[in-house]
Amino acid sequence: PSLWEGLPISLLEAMYFKKACLVSNIPGNNDVVIHEENGFVCNSAEDYVSNIKKVLDGEVDILKLTNTAHANVLDKYNTSTSSKKYANLYNN
């Protein structure tokens, strides 16, 4: 868990490698992770425990979640997309 993130590169790398990500609810993390769609956003220690139990108990389709996370990284955070976003930002 982090107290602050800019662009969470290690999170994006973990998502790319199809790891289930549990993140603290802070800017950066919650810009990338959509709760129970491509990872888990947690507000407290109890949230971390609860979400881990959901995975272990099979309440969450972890393969679907990690595949969605992987696809999100490929779609939104690839070099081509990122460079276009930066170019538009600088040009405006």
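Here is a walk through the structure above, from the overall build down to a few side chains.

Keep in mind that this is a predicted model, in which local features need pLDDT of at least 70, side-chain atom pairs count only at pLDDT 80 or more, and totals for chains, interfaces and linings use all residues. Residues are numbered from 1 along each chain as its sequence is written, and side-chain values use heavy atoms, with hydrogens and water left out.

Let's start with the whole chain. It has 5 helices and 2 strands, where helices (H or I, at least four residues) and strands (E, at least two) are DSSP runs numbered from the N terminus. The C-alpha trace spans about 50 × 25 × 15 Å along its principal axes. Of the 92 residues, 28% count as buried; buried means under 20% relative accessible area, exposed means over 50%, and partly exposed is in between (1.4 Å probe, protein chains only). The accessible surface comes to about 6,200 Å², and 56% of that belongs to carbon and sulfur atoms. Areas like this come from the Shrake-Rupley method with a 1.4 Å probe, and for residues only the protein chains shown count as cover. As for contacts (heavy atoms within 4.5 Å), take those with a separation of 6 or more: 41% of them are between residues 24 or more positions apart.

Now look at tyrosine 16, which lies in helix α1 (residues 9–16). Leaving out residues up to four places away in sequence, tyrosine 16 touches His70, Val73 and Leu74. A search of the whole structure finds 1 aromatic pair, and it is made by tyrosine 16 and phenylalanine 17: edge-to-face, 5.1 Å centre to centre, with 90° between the planes. The rule is that rings of Phe, Tyr and Trp (its six-membered ring) pair if their centres lie within 6.5 Å; planes under 30 degrees apart count as stacked, over 60 as edge-to-face and the rest as tilted.

Tyrosine 16 is partly exposed at 36% relative accessible area, while phenylalanine 17 is exposed at 57%. Leucine 74, in helix α4 (residues 62–76), is partly exposed at 44%. Tyr16, Phe17 and Leu74 form a nonpolar surface patch with about 320 Å² of accessible area together. Patches are made of residues with over 30% relative accessible area and no salt bridge; like charges are joined within 9 Å, and nonpolar side chains (Val, Leu, Ile, Met, Phe, Trp, Tyr) within 5 Å.

Helix α4 also holds isoleucine 62, which is partly exposed at 27%. Beyond its neighbours within four places in sequence, isoleucine 62 is in contact with Ala20, Phe40 and Val55.

Next come the charges. The whole structure has 1 salt bridge, meaning a side-chain nitrogen of Lys or Arg within 4 Å of a carboxyl oxygen of Asp or Glu. Here lysine 54 meets glutamate 36 at 2.7 Å, N to O. Lysine 54 lies in helix α3 (residues 45–56) and glutamate 36 in the loop between α2 (29–32) and β2 (40–42), so the pair ties together parts that are 18 residues apart in sequence. Lysine 54 is partly exposed at 22%, and so is glutamate 36 at 38%.

Finally, find lysine 85: its charged end sits over the ring of tyrosine 77, 5.9 Å from the centre. That label needs NZ of Lys or CZ of Arg within 6 Å of the ring centre and within 35 degrees of the ring normal.
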